[in-house]
Amino acid sequence: MSKNVDAIVIGGGIHGCSTTLHLCLAGLKPVLIEKDYAGRHASGVNAGGVRQLARHIPEIPLSIRSMGIWEKITDLLDDDCSFESHGQVLVAEDEDELAVCRARVAELNALGFTHEELIDAAELRRLVPAVAETCPGGVVSRRDGAANPAQTTTAFRRKAERLGATVREGVAAGNIRYSDGLWHVDAGSESFAAPVLVNAAGAWAGKIAADLGEPVPVETVAPMLMITSRVPHFIDPVVILRGRKLSFKQFKNGTVLIGGGHLAKPYQDRNETVLDWKSLATSAQTVFELFPVMRSATIVRAWAGIEAKMKDDIPVFGPSSRHRGLYHQFGFSLHGFQLGPGAGAVMAELIVNGGTQTRVSDLGIDRFHPSTL
Amino acid sequence: MTVAPKREDYDVVVIGAGPAGLAAAATSAEAGLSTLLLDENIGPGGQVFRAIASTPVTERNQLGADYWVGADLVQSLRASNAEVIHRATVWSLDRNLDIAVSIGGASAFVKAKRVILAIGALERPFPIPGWTLPGVMTAGAAQTMLKSSALVPDGRTVIAGQGPLLWLLAAQILRLGGRIDRILDTTERGNYFAALPHAFAFLTSPYFAKGLSMMREVKAKVQVVSGVTELAASGDGQLASVSYVAGGKRETIPTDLLLLHQGVVPNVNLAMAAGIEHRWDDLQLCWSPVLDASGNSSVAGIAIAGDGAGIGGANAAVVRGRIAARAAVDALAPASAAKLPATMATLRSDLAKAERGRLFLDTLFRPAPQFRIPSGDTIVCRCEEVTAKDVLDSVAIGATGPNQLKAYRRTGMGPCQGRLCGLTVTELMAQARGKTPQEIGYYRLRAPVKPITLAELAAVPKSEADVKAVVRG
């Protein structure tokens, strides 16, 4: 006998948790089903970048919407998520890269977006004093920052539960089927039924979509990160590079997180990843060259989280093109964390109101499948 | 002088040159397999035979006859063709049997057909109030100084805890002229009765006579307080006194040095980081790898021998090392197996003999809950200064296991990677949530299992794809 709820959300990453919370705020009673625990994979172990900077244009409106929520995250979640806003800086390492930056900012300005700002060498040095002297400038997005990803994802789950969501962790969603106008999903010994189903299963979402007749070009990836021992405070903003793969962030406690998108080998069925130290060595070398102050720091841990990457690097977000009541929210392609709060809010609007003021139409699954609805 | 491994591929790589590792490497090399032994210390021996080739303690009976057994193991290793590298810290091992090792500040990568982990044990955390004060150290650290530099305490010294190693250390300190003011024995009285059914096996084991004579030797010279049920260290920035309760009576004694010890547990970090399955051992109260009779783990090609496979002591470690190596020979060069002196059947019966009495010791020296599971302001995680109360507060707002706790409190995320807090966190959370430690689980451990500098990592040879990827375009 299925238990009737208003919506079933599959996946306890930041997206599933945020959507569940926003459905609660809209007065619905959703159930969230997570096979491990909330934040177990990419949402809990990513770099925590809260970044509007250097985004693909189709997802900028969602990112801006999300930023507004981040800035009031404590009001929403009763938890500060360790969010801090010291800006994010994209560093150009030479004049050619700076030219690309200049063109990008001009393009955004022409589209009406003003969050990215071109900076010269002097402003770059003011924001990031430790950066190598040879860098001629870059781009800053001043409202950006970073948060603690596991703390944030857990805070969304907790608040959703407090507002009446049912949360099932440690049980996989299975036997997904549609009958008599309702989606039915099994979770362990229980079964739930609802008119709405949200597929927010991250690296596992592609299979759910394919099983429901909407295959998409998605692969499972595991971007690697490493963290150092504590070093004296020397940098406030998050730094990313224009040319090389690197992101760089120092926490309040002095530890420094080094990322940038080098990939580990994922073993999705075992929830495991095997690190590629030769690629991490490339990141270490980049830091070595750019921030001499870091040379004697020690690497204390490296890891990788499993997530979904789309062929076109932008997420699948919005209603199914084949099934009524089915919504997709996955494939955030290494940059989904910042989008989580906004995406949950917009998804709840799509579900409850049937539409949203935030432009997300370029992200739909119909870019792969013409609508048959 | 820094010596990098001579080759990139080996039949067998043995990690750790304690009793198990020495025996495994010698056996593997003797059968003609290309064998590399990597060890973190400056010489062979591990902890039990520490400094066996270099100790300044030459009076043989001061360290005991068991110690000098190590010299024979070193001898047979040196007679073999095994390549041995000391001061070699293995910081990564994965399920593809890729090994990253730091030697003299430079990292190298080697690949093995078989890996034998012989990484031994660690002392169990002993989280009492004040255990982080300067002046409080582990018995193992004191023994390291004793064996490698003949250093013994000369201030007011208290040894607290329980277990065979505690008595061994006390005897060694006294023989070298060191000072011990009092021994506080925390063995629970009930354990003597619980251990009784296993006493016969123990009486017929080699441990019995040796253990008894050692305890007699120590008790003749030092006041021993048994049945200690509470223990705390205090002082203002430095240990000043130790207070304890025994037989319902509290006493406080001024102390300069407190040595704590309540047994050893498998050193799981490298094995867990390689993805090897572990289970909670409810008798030894620790995580032990899931192994078959030859020491093979859940990851194909990786075997574990010695105390890292579950605490069994030095004699068992030697045999387990031989068994794991023999299994590697059987798998890689079955024709050479006949060359080896002992058959697998002989080795297995040797192991049964070496393990006799272990059940008695494990039962007798099972540490009491109040010394494993702290409360209130007692520090649990030293790296991040997290107290027992902090952990319980996090459980109250939804942390369900050690990995979720990281998000709230950063426990286990410091340089020690949980070595000093992991067991405490698991047991504390299990108690708070009414679950078993097996259900609560452990930190997901990750390389580098020992920190390496950014400069060292930056100097590692890069893969071709990455070199191409950084070309600007």
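**Figure 1. Strands S12 and S13 of chain B run antiparallel and are joined by six bridges.** S13(B) spans residues 241–246. Strands here are DSSP runs (E, at least two residues), helices are DSSP runs of H or I with at least four residues, and both are numbered from the N terminus. Two strands count as paired if DSSP finds at least two bridges between them. Val228(B) has Ala246(B) as its bridge partner in S13(B). The model is predicted: local features need pLDDT of at least 70, side-chain atom pairs count only at pLDDT 80 or more, and totals for chains, interfaces and linings use all residues. Residues are numbered from 1 along each chain as its sequence is written, and chains are lettered from A and ligands numbered from 1 in the order in which they are written.

**Figure 2. Three strands of chain B form an open sheet in the order S12-S13-S14.** The pairing is antiparallel. S12(B) (228–234) and S14(B) (249–254) stand at the edges. Each has a single partner strand, so one side of each is left without a neighbour in the sheet. Neighbouring strands are turned by 15 degrees against each other on average, direction ignored.

**Figure 3. Strand S6 of chain B (residues 106–117) pairs in parallel with S1(B) (residues 9–15) over six bridges.** Here Val12(B) stands opposite Arg114(B). S6(B) also pairs with S5(B) (residues 98–103), in the antiparallel sense and over six bridges. In that pairing, Asp98(B) faces Lys111(B) of S6(B). What lies between the strands of this hairpin? Two residues do, and Gly104(B) takes a positive phi near 55 degrees in the hairpin. A further partner of S6(B) is S19(B) (residues 302–304), parallel over three bridges. Val115(B) stands opposite Ile302(B) there.

**Figure 4. Helices H1 (residues 14–25) and H10 (residues 340–353) of chain A cross at roughly 50 degrees.** Their axes come within 7 Å. Axes are lines fitted to C-alpha atoms, for helices over the stretch in contact, and angles run from 0 to 180 degrees between N-to-C directions. H1(A) and H10(A) are therefore oblique to each other; angles under 35 degrees count as roughly parallel, over 145 as roughly antiparallel, 65 to 115 as roughly perpendicular and the rest as oblique. The crossing is right-handed, with the near helix turned clockwise from the far one by less than a right angle. H1(A) contributes residues including Ile14(A), Leu21(A) and Leu23(A). Among those from H10(A) are Pro341(A), Met347(A) and Ile351(A). The contact residues divide into nine nonpolar, six polar and no charged. Ala, Val, Leu, Ile, Met, Phe, Trp, Tyr, Cys and Pro count as nonpolar, Asp, Glu, Lys and Arg as charged, and the others, Gly among them, as polar.

Figure 5. Two residues are in contact if their C-beta atoms, placed from the backbone, lie within 7 Å.

**Figure 6. S20(A) pairs with S22(B) (residues 452–453) in the antiparallel sense.** Two bridges join these strands. Thr298(A) has Thr453(B) as its bridge partner.
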